[in-house]
Amino acid sequence: MANSNILSTKPHPLFEECEEHLCRLGDLNATSSASITQKLSGLEDLHNCAEKLLQLPLTRKALVNGRHEKWVDQVVDGSLRLLDMCSAAKDAVLHTKECAREIQSTMRRRRGSLESEIKRYSVSRKVVKKAIQKALRNLKSTDSKNAILSASNRDIETMALAGALGEVEAATLAVFESLLCFVSGPKSQYSKLNSWSLVSKLLMQSKKIGCEEEEKAVNEFENVDSVLQILIQSDKCPLNIENVQTELQCLESCIQNFEERLDRLFRGLIKIRVSFLNILNN
């Protein structure tokens, strides 16, 4: 994600505050669930700032005066696009959580067919990945930085506003892309080499596997996909149920963190969408 490019002449300190949030987001690497959670928290701060920006008289005036111009259409359409992407991310993590819990329940009760639950989980994951790929294709077809170009013949304040809102959208879409790619995992099927590498690691760990230890590039979704694939495909699987349950617990913790932040972020995006519509319809 590129650093902010908002115009140096800013009509209000909130523009500078938005720029600072954008720069902090750009400095974070989305390589693990912990770093993605950080980015989601950073988006909350960014959108709280954007909401305050929309309450300024100068912002309201610029939007009302430009309500029939392309740049206003772009930022308003962008607010809906962000809601769609956030909804896609929420659906992906929720769907995975529900199926993972079914497997955990079957393991605890020791009743029912674990194999059928794992197959159901695998089918569910394919549905999730297909939905994610569709969402990512839709994301690629957008260009959220055109707003400032469309407003380039306007005054400095309007250009700064268009630039800020365009960059907020671009930064948010980039975080959603990172999250969706993380949830989806690698595009290709996991190789036996990678899967058995994970098994070897699990077998060498003590029972107190650190869900909370700092694992640099752990992908909880990928790990669960791998161990379940091995569990169902191997007649003499070296994995015991405790290993699998540990990975499922780590996944559940990861999903809970994502869910909480996505829920708050979704509510914030709704507020911004409503603010846009209220300004333009009054």
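Buried denotes a relative accessible area under 20%, exposed over 50%, and partly exposed anything in between (1.4 Å probe, protein chains only). The legends below describe a predicted model, in which local features need pLDDT of at least 70 and side-chain atom pairs count only at pLDDT 80 or more, while totals for chains, interfaces and linings use all residues. Residues are numbered from 1 along each chain as its sequence is written, and side-chain values use heavy atoms, with hydrogens and water left out.

**Figure 1. Overall architecture of the predicted protein chain.** The protein chain contains 10 helices and zero strands (DSSP runs numbered from the N terminus, H or I of at least four residues for helices and E of at least two for strands). Along the sequence the pattern reads α-α-α-α-α-α-α-α-α-α. Of its 282 residues, 47% count as buried. Residues 24 or more positions apart supply 83% of the contacts with a separation of 6 or more, where contact means heavy atoms within 4.5 Å.

Figure 2. Glu-247 belongs to helix α10, which spans residues 241-281. Because its relative accessibility is 6%, Glu-247 counts as buried. Its side chain makes a polar contact with the side chain of Asn-223 at 3.3 Å. A polar contact is a pair of N or O atoms within 3.5 Å; within protein, one must be able to donate a hydrogen and the other to accept it, and residues adjacent in sequence count only if both atoms are side-chain atoms.

Figure 3. Thr-96 lies in helix α4, residues 70-109. With a relative accessibility of 1%, Thr-96 counts as buried. A polar atom of the Thr-96 side chain is placed 2.9 Å from the backbone oxygen of Ala-92. Leaving aside residues up to four places away in sequence, Thr-96 touches Tyr-121, Arg-125, Val-128, Phe-221, Leu-251 and Ile-255. For Val-128, which is 32 residues from Thr-96 along the chain, the separation between the two C-alpha atoms is 7.6 Å.

**Figure 4. Packing of α4 with α10.** Two packed helices are described by the angle between their axes and the distance between the axes. The axes of α4 and α10 come within 8 Å and cross at roughly 155°, so α4 is roughly antiparallel to α10. Axes are lines fitted to C-alpha atoms, for helices over the stretch in contact, and angles run from 0 to 180 degrees between N-to-C directions. Angles under 35 degrees count as roughly parallel, over 145 as roughly antiparallel, 65 to 115 as roughly perpendicular and the rest as oblique. The crossing of α4 and α10 is left-handed, a term used if the near helix is turned anticlockwise from the far one by less than a right angle, with right-handed used if clockwise. The residues of this contact comprise 25 nonpolar, six polar and eight charged; Ala, Val, Leu, Ile, Met, Phe, Trp, Tyr, Cys and Pro count as nonpolar, Asp, Glu, Lys and Arg as charged, and the others, Gly among them, as polar.

**Figure 5. Packing of α4 with α7.** The axes of α4 and α7 come within 10 Å and cross at roughly 20°, which means that α4 is roughly parallel to α7. The crossing of these two helices is left-handed. Residues of α4 in the contact include Trp-71, Arg-81, Met-85 and Val-93, and those of α7 include Thr-158, Glu-169, Phe-176 and Val-183. By class, the contact of α4 with α7 has 17 nonpolar, four polar and two charged residues.

**Figure 6. Packing of α1 with α7.** Helix α1 (residues 13-27) and α7 have axes that come within 11 Å and cross at roughly 25°; the two are therefore roughly parallel to each other. The crossing of α1 and α7 is left-handed. From α1, the contact is made by Phe-15, Leu-22 and Leu-25, and from α7 by Ala-160, Leu-161, Ala-164, Glu-167, Val-168, Ala-171 and Val-175. Its residues divide into nine nonpolar, no polar and one charged.

**Figure 7. Asp-155 in the loop between α6 and α7.** Asp-155 is found between α6 (147-150) and α7 (156-184). Its relative accessible area of 40% makes Asp-155 partly exposed. Asp-155 and Ala-62 are 93 residues apart in sequence and 9.4 Å apart in space, C-alpha to C-alpha.
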